[in-house]
Amino acid sequence: MGSVDQQKNEWAAFVGHTTHESAQYTAAREALPCARTVELGSGTYCKPCANENFDWADRYCENFVYFGRGALQLSWNSNYLKASQVLAESADTLCSQPELVATDPTYAWGTALWFWNFNRPPGDETTCHIQSLTGSFGGSLNIINGGLECPAHPNSYHADAIVTRLRYYCIAATVIGVKRLLSFDGCDGLAQKFEDCNLVCRLWSTLL
């Protein structure tokens, strides 16, 4: 959908987001899924679920916990349900087997594409696809992780992470051959964070 330039812009945004969310396609599961931590001896351990479902070696819940998984780190039970209705044989598939999003490429990428094209924030009619098509990288980020990154709290993990996200976006835009970066509107503080990006991003500054 859209012109060739719009399609390139959208692909660059999608690749930038997924590269960041998946730690350059190496992390099938969210790195920070903890609902709470547990102090044992001299160590602090992540324990986001009941003991019987928690894998202490790999630090993740084996079943029935809906933290981020897949290329775009699908989160929340409602999203697992809605994605399952579209991608699987039943709405129960990903709800009862959330690890499929981390272990099966069909669901790892399928959920990312579902979220990008169809997920709408409560009370809103827009999607990441619509935001990208209409020229807003910031709008797509606000849908994906706006509560933590729009704006990112100073001196927090996300304050640094948002710069990394921008770096991946700029690299993707360069490789794909984008003529002009999408707008940072729609995500408070994103334009300022662009100034913190390294040379890869600053090469684009004259084209904004």
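## A tour from salt bridges to pockets

Select K179 and D5: the two form a salt bridge, with their closest N and O atoms 3.5 Å apart. A salt bridge here is a side-chain nitrogen of Lys or Arg within 4 Å of a carboxyl oxygen of Asp or Glu. The pair links distant parts of the chain, 174 residues apart, with K179 in the loop between α8 and α9 and D5 in helix α1. Helices are DSSP runs of H or I with at least four residues, strands are runs of E with at least two, and both are numbered from the N terminus.

Before moving on, note that this is a predicted model, in which local features need pLDDT of at least 70 and side-chain atom pairs count only at pLDDT 80 or more, while totals for chains, interfaces and linings use all residues. Residues are numbered from 1 along each chain as its sequence is written, and side-chain values use heavy atoms, with hydrogens and water left out.

Now colour the pair by accessibility. K179 counts as exposed at 60% relative accessibility, whereas D5 is partly exposed at 34%. Buried means under 20% relative accessible area, exposed means over 50%, and partly exposed is in between, using a 1.4 Å probe and protein chains only.

Side chains of opposite charge can pair when their charged atoms come close. The structure holds 6 salt bridges in total.

Select E21 and R165 next. Their side chains meet in a salt bridge, at 2.6 Å from N to O. This pair also links distant parts of the chain: E21 sits in helix α1 and R165 in helix α8, 144 residues apart. Are E21 and R165 buried or exposed? Both E21 and R165 are buried.

Then go to R120 and E125, a salt bridge whose closest N and O atoms are 3.6 Å apart. R120 is partly exposed, with a relative accessible area of 38%, and E125 counts as exposed at 61%.

### The disulfide

Select C150 and C187. These cysteines form a disulfide, with their sulfur atoms 2.0 Å apart; the term means a pair of cysteine sulfur atoms within 2.5 Å. The structure holds 1 disulfide. Looking along the S-S bond, the angle about it is -100°, and the link of C150 and C187 is left-handed. C150 lies in the loop between α7 (137–149) and α8 (157–176), and C187 in the loop between α8 and α9 (190–194), so the pair ties together parts that are 37 residues apart in sequence.

Check how far these cysteines are covered. C150 counts as buried at 11% relative accessibility, and C187 is buried at 4%. Two further cysteines can be selected: C95 is buried at 17%, and C128 is buried at 0%.

### N145

Select N145, which is found in helix α7. N145 counts as buried at 18% relative accessibility. Leaving aside neighbours within four places in sequence, N145 is in contact with C150, H158 and R165, where contact means heavy atoms within 4.5 Å.

### The two pockets

Rolling a probe the size of a water molecule over the atoms shows where empty space is left. On a 1 Å grid over the protein atoms alone, a cavity is a set of points where a 1.4 Å probe fits but cannot get out, and a pocket is an open set with protein on both sides within 12 Å along at least five of seven lines; lining residues have an atom within 4 Å of a point.

Show the largest pocket, which holds about 1,100 Å³ of space. Volume is the space filled by probe spheres set on the points, which are joined across faces, edges and corners. The lining has 41 residues, of which E30, Q73, S75, I144 and N145 lie nearest the centre of the pocket. The elements that give two or more residues to this lining are α1 (4–21), α2 (77–87), α5 (105–118), α7 and α8. Which element gives the largest share of the lining of the largest pocket? That is α7, with 7 residues.

Finally, select M1, Q7, E10, W11, F14, L113, W116, N117 and H129, which line the second largest pocket. The volume of the second largest pocket is about 170 Å³. The largest share of its lining, 4 residues, comes from α1.
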